[in-house]
Amino acid sequence: MSALRIACDDPADGAPHCSAARTHVGKVRLLNEDRYLEAPEHRLWAVADGMGGHDAGDVAATMTVRALAALCEDAAPIDAPAIARTLQATNGAIHAHLTERGQRGGCTVAGLWLDQDQAHVFWAGDSRVYRFRAQQLQRLSHDHSVVQQLLDAGVLSSNQAAHHPQANVITRALGVDHQVEIDFCTVDLAEDDRFLLCSDGITAELDDAQIAGYMGEERGEIMNAIMAAALASGGRDNLTLIMVG
């Protein structure tokens with residue numbers, strides 16, 4: 001299990017943006033295929049959840065966070081089109097890498113980029129981004145999954161969705177096809193906003209109401225409490241969290 005990591009930027013003006021990150025292999029899996037990027041100095045964070053096992057899912061997730069990290073090192077400013085181009089290029093690189101080796105795999109991605117008074121969220125798959133404001137938790141991403149499609153169609157209730165046999169089947173991921181569609185949304189940014197990025201190992205164990213119950217504590221306490229609760233609930237998948245704000 002990794003130690004809790006807390007990082008802050010040191011901006012020339014404005015309030016600093018601090019974040020905390022933690023990942024855990026869980027109680028069932030032998031390999032942690034989750035990866036994360038924590039770059040508060042560039043106001044960019046991301047979680048990538050690999051699928052496909054050793055040398056497939058872990059490689060895909062690693063390639064994704066490394067590509068986003070390289071974007072931070074680029075002389076050009078970060079913006080939504082640059083993030084989209086980076087992830088499209090990474091999708092192609094992952095697909096080519098795995099195809100050459102006769103492997104199948106890929107990864108989800110969920111990320112956050114803060115730009116002045118706006119928060120930009122991007123994702124593919126079922127890793128999630130939440131915003132906590134005025135004691136209310138709002139899910140900003142929308143799962144690309146079979147169960148979410150059934151929920152959207154009104155075929156399933158929330159309780160049925162939580163126990164559906166296809167709960168872990170996603171409809172979009174990096175590296176599976178030659179191209180992938182990355183979803184974006186932009187919301188306003190308030191001073192006391194907190195954002196939570198997580199892999200589906202967390203949300204498979206805890207529902208939104210349970211997560212919301214922890215969000216009013218101190219940053220480190222939130223991370224420890226959510227991780228402990230997900231492990232106590234079963235920890236059947238890799239678990240990764242990033243708290244921003």
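Trainee: Which residue in β6 is the bridge partner of L114?

Mentor: Keep in mind that this is a predicted model, where local features need pLDDT of at least 70, side-chain atom pairs count only at pLDDT 80 or more, and totals for chains, interfaces and linings use all residues. Residues are numbered from 1 along each chain as its sequence is written, and side-chain values use heavy atoms, without hydrogens or water. Helices (H or I, at least four residues) and strands (E, at least two) are DSSP runs, numbered from the N terminus. In β6, L114 has as its bridge partner A119.

Trainee: How many bridges join β5 to β6?

Mentor: Two strands count as paired if DSSP finds at least two bridges between them. β5 and β6 run antiparallel, and the number of bridges joining them is 7.

Trainee: Which strands stand at the edges of the open sheet, and why is one side of each left without a neighbour?

Mentor: The open sheet has 5 strands with antiparallel pairing, in the order β3-β4-β5-β6-β9. An edge strand here has a single partner strand, so one side of it has no neighbour in the sheet; the two edge strands are β3 and β9 (183–188).

Trainee: Which elements do the buried residues of α1 pack against?

Mentor: Buried means under 20% relative accessible area, exposed over 50%, and partly exposed in between (1.4 Å probe, protein chains only). The buried residues of α1 include A60, A61, V65, L68 and L71. With contact taken as heavy atoms within 4.5 Å, the buried residues of α1 pack against β3 (34–39), β4 (44–51), α2 (80–100), β5 (106–115) and β6 (118–124).

Trainee: How many charged residues are in the contact of α1 with α2?

Mentor: Ala, Val, Leu, Ile, Met, Phe, Trp, Tyr, Cys and Pro count as nonpolar, Asp, Glu, Lys and Arg as charged, and the others, Gly among them, as polar. The contact of α1 with α2 has 11 nonpolar residues and 4 polar ones, while the charged count is: none.

Trainee: How far apart are the end C-alpha atoms of helix α7?

Mentor: The expected span of a helix is 1.5 Å times one less than its number of residues. Helix α7 (residues 219–232) has 14 residues, so it should span 20 Å; its end C-alpha atoms agree with this, being apart by 20 Å.

Trainee: How many residues of strand β11 are buried?

Mentor: In a regular strand the side chains alternate between the two faces of the sheet. L239, L241 and M243 lie on one side of β11 and T240, I242 and V244 on the other, and both faces are covered. Strand β11 (residues 239–244) is therefore largely enclosed by the rest of the structure, with a buried count of 6 of the 6.

Trainee: Which residue in β11 stands opposite S19?

Mentor: Strand β2 (residues 18–24) pairs with β11 in the antiparallel sense over 6 bridges. Strand β10 (residues 194–198) also runs antiparallel to β11, joined by 4 bridges. The β11 residue opposite S19 is V244.

Trainee: What is the phi of Q116, which is not a glycine?

Mentor: Most residues other than glycine have a negative phi, and most peptide bonds are trans. Q116 sits in the loop between β5 and β6 and is exposed, with a relative accessible area of 69%. Its phi is positive, at about 55°.

Trainee: Which residue in the turn between β7 and β8 has a positive phi?

Mentor: Strand β7 (residues 128–133) and strand β8 (residues 136–139) pair in the antiparallel sense over 4 bridges. They form a hairpin with 2 residues between them, and the turn residue with a positive phi, about 50°, is A134.
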